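Colleague: Before I work with this model, please take me through the terms attached to it. I would like each label set against its cut-off.

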Amino acid sequence: MLEAKNWIGGEWMSASGADMMVHNPSQVQDEVGVVHLSGERDMLHAGEAAKKAFKGWGETNLPARGEILYRIARLLEEELDDVARVASLEMGKPISEMKGEVRRGVHLLRYYAGEGVRAVGTVIPHSQDRVLHYTKRVPLGVVGVITPWNFPVAIPVWKIAPALICGNSVIWKPAEIGSLTAARLTRVFADAGLPAGVLNLVVGRGSVVGSVLLEQVELDAVSFTGSTGTGVRIAESTAKRNIKYQTEMGGKNAAVILGDADLSVAVPAVLSGAFRSAGQKCTATSRVIVEQSVFGAFADALRKEMAHIYMGNALDAESYLGPVASADQQAKVLSYVRMAREAETVGEGHARVDPSTGHYVAPLLVTGVDVESRLVQEEIFGPVATLLSAENFDDALNLANKTVFGLSAAVFTRDLQKGLRFLDEAQAGMVRINQETAGVEYQAPFGGMKMSSSHSREQGQAALDFYSQVKTCAVYYG
Ligand code: NAD
């Protein structure tokens, strides 16, 4: 039986609240672990530990911080299979995808470890003679990291690794149903020798410990990924305290298929974007906008491919998608499936398990839906996508932008002019030609426009801007 405890000030400790049993979403009668939920006292304790550890860690030189991140990367690589297995058991992502996600975590750790020896800052001309005038990056202090369950390894690592290399200490509050994975991942950081209190894990409910973190702990920044509703509340409370914040939120991403698209590229990209991870990616393709000249051919080709993928147990290496993560998630996604009964079904996926044994929702693609419908406007976060018809390129672009979200968008075309116009005019933070809406690279900036993001960027070099502040220094030596 797996167990999620807190790791505070370098010690593993049980939380002060109740226990929450975790059931395997692929086979719900199996209990896989227990999460000891935290209360106010635990979070305040983590706040003190992080504050105490900040001084030493912030003063540790950068190459030494980098060496520790390299050690964590090495250990995570050695323990990749087990970390992936725990996550698949806890939240139902197929093991093959989960291994890829942990590998991404290893790459992110190595990437930010390398920042330990990279030159930073600039030398700036000065109007007075004999003045050395330059900038340097300094840490922020204690950073709160709040993460969702859908990427239970990669998202935490893409926040914690840059926070640590910049010299901050961290309090991490993972999602309730990512807590077993969070404890397993934290064990890697602990075993690799990260000094006590530099990373503190507090497992518990957002409404309980999340609120204590945001309102009572002495924090210098918060990085959040999750739903737009929670993100907006977090932005309000951190703005009131004048704390730096970053919120990465929901998406309703469009893939646009133009009449000249290469369908052998577009069809697998839409299939993977819409249905991998059971559609539970913020960058998942949930609106497929097809130019009318190719609508029938595209719908037929996608229907055929959907018949070949299957939904199965997350530990089955052949599963294209697993169950959704929880009973709540299943109930929410099925409410959209019921709404879709009014629409025309284009394609459906199949199960190689008895769907009643887990939180399964079969892949579904529908059409004939009004553009204002909730199916087209709301984030479903499940394997359900809508197909919309567009008269021409301009109509397709308008439809793609007709959403409050702006995370990612893709166009499939051989026409360079239209492709480049799409990159210019699509209102999304990540825009692509002939590539799926999901699956971005860790070394590039990640983030959205409109209601998808607070407009800063994560990953790549952009993360360093969030987790540090710039000091302008002047030295007169005349
Ligand atoms: P969620 O908003 O319910 O929870 C996210 C985190 O916030 C969890 O750790 C939760 O416990 C915590 N939380 C909840 N209420 C809180 C409060 N009052 N104070 C402090 N913390 C609180 O989201 P979720 O269901 O875990 O994740 C799914 C959502 O995440 C989807 O909307 C998805 O699009 C989004 N997401 C966005 C990105 C991105 O980078 N844009 C990436 C992945 C997921």
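Modeller: Contact means heavy atoms within 4.5 Å. By that test Lys51 touches Val142 and Glu218, leaving out residues up to four places away in sequence. The model is predicted, and local features need pLDDT of at least 70, side-chain atom pairs count only at pLDDT 80 or more, and totals for chains, interfaces and linings use all residues. Residues are numbered from 1 along each chain as its sequence is written, and side-chain values use heavy atoms, with hydrogens and water left out.

Colleague: Where does Lys51 lie?

Modeller: Lys51 lies in helix H1. Helices (H or I, at least four residues) and strands (E, at least two) are DSSP runs, numbered from the N terminus.

Colleague: Why is Lys51 called partly exposed?

Modeller: Its relative accessible area is 46%. Buried means under 20%, exposed over 50%, and partly exposed in between (1.4 Å probe, protein chains only), so Lys51 falls in the middle class.

Colleague: What makes the pairing of the Lys51 and Glu218 side chains a polar contact?

Modeller: The distance is 3.2 Å. A polar contact is a pair of N or O atoms within 3.5 Å; within protein, one must be able to donate a hydrogen and the other to accept it, and residues adjacent in sequence count only if both atoms are side-chain atoms. The Lys51 to Glu218 pair therefore qualifies.

Colleague: How do you know that Ser319 is buried?

Modeller: Ser319 has a relative accessible area of 1%, so it is classed as buried. Ser319 sits in the loop between strand S14 (310-311) and helix H11 (327-339). Beyond four places in sequence, Ser319 touches Pro94, Ser96, Arg276, Tyr310, Gly312 and Asn313. With Asn313 there is also a polar approach: the Ser319 side chain reaches the backbone oxygen of Asn313 at 2.9 Å.

Colleague: What puts Ser272 and Thr147 in the buried class as well?

Modeller: Ser272 has a relative accessible area of 13% and is therefore buried; Thr147, at 5%, is buried too. Thr147 is in the loop between S7 and helix H5 (154-165). Not counting residues up to four places away in sequence, Thr147 touches residues including Ile155, Pro156, Lys159, Trp172 and Thr225.

Colleague: Which residues of helix H7 (residues 206-215) are buried, and what do they pack against?

Modeller: The buried residues of H7 are Val209, Gly210, Val212, Leu213 and Leu214. They pack against helix H1 (40-59), strand S7 (142-146), strand S8 (169-173), strand S10 (221-225) and helix H8 (228-240).

Colleague: What angle and axis distance describe the packing of H1 and H7?

Modeller: H1 and H7 pack at about 35°, with axes 9 Å apart. Axes are lines fitted to C-alpha atoms, for helices over the stretch in contact, and angles run from 0 to 180 degrees between N-to-C directions.

Colleague: Is the crossing of H1 and H7 left-handed or right-handed?

Modeller: Right-handed. A crossing is left-handed if the near helix is turned anticlockwise from the far one by less than a right angle, and right-handed if clockwise. Glu40, Met43 and Leu44 of H1 meet Val209, Val212 and Leu213 of H7.

Colleague: How does the contact of H1 with H7 divide by class?

Modeller: It has five nonpolar, no polar and one charged residues. Ala, Val, Leu, Ile, Met, Phe, Trp, Tyr, Cys and Pro count as nonpolar, Asp, Glu, Lys and Arg as charged, and the others, Gly among them, as polar.

Colleague: At what angle do helix H3 (residues 80-91) and helix H6 (residues 179-191) cross?

Modeller: Roughly 165°, and their axes come within 8 Å.

Colleague: Why is H3 called roughly antiparallel to H6?

Modeller: Angles under 35 degrees count as roughly parallel, over 145 as roughly antiparallel, 65 to 115 as roughly perpendicular and the rest as oblique. The crossing at roughly 165° therefore makes H3 roughly antiparallel to H6. The crossing of these two helices is left-handed. Asp82, Val83, Val86, Ala87 and Glu90 of H3 make the contact with Ser179, Leu180, Thr181, Arg184 and Val188 of H6. These residues divide into five nonpolar, two polar and three charged.

Colleague: At what angle do H3 and helix H4 (residues 95-114) cross, and what is that orientation called?

Modeller: Their axes come within 9 Å and cross at roughly 125°, which makes H3 oblique to H4. The crossing of H3 and H4 is right-handed.
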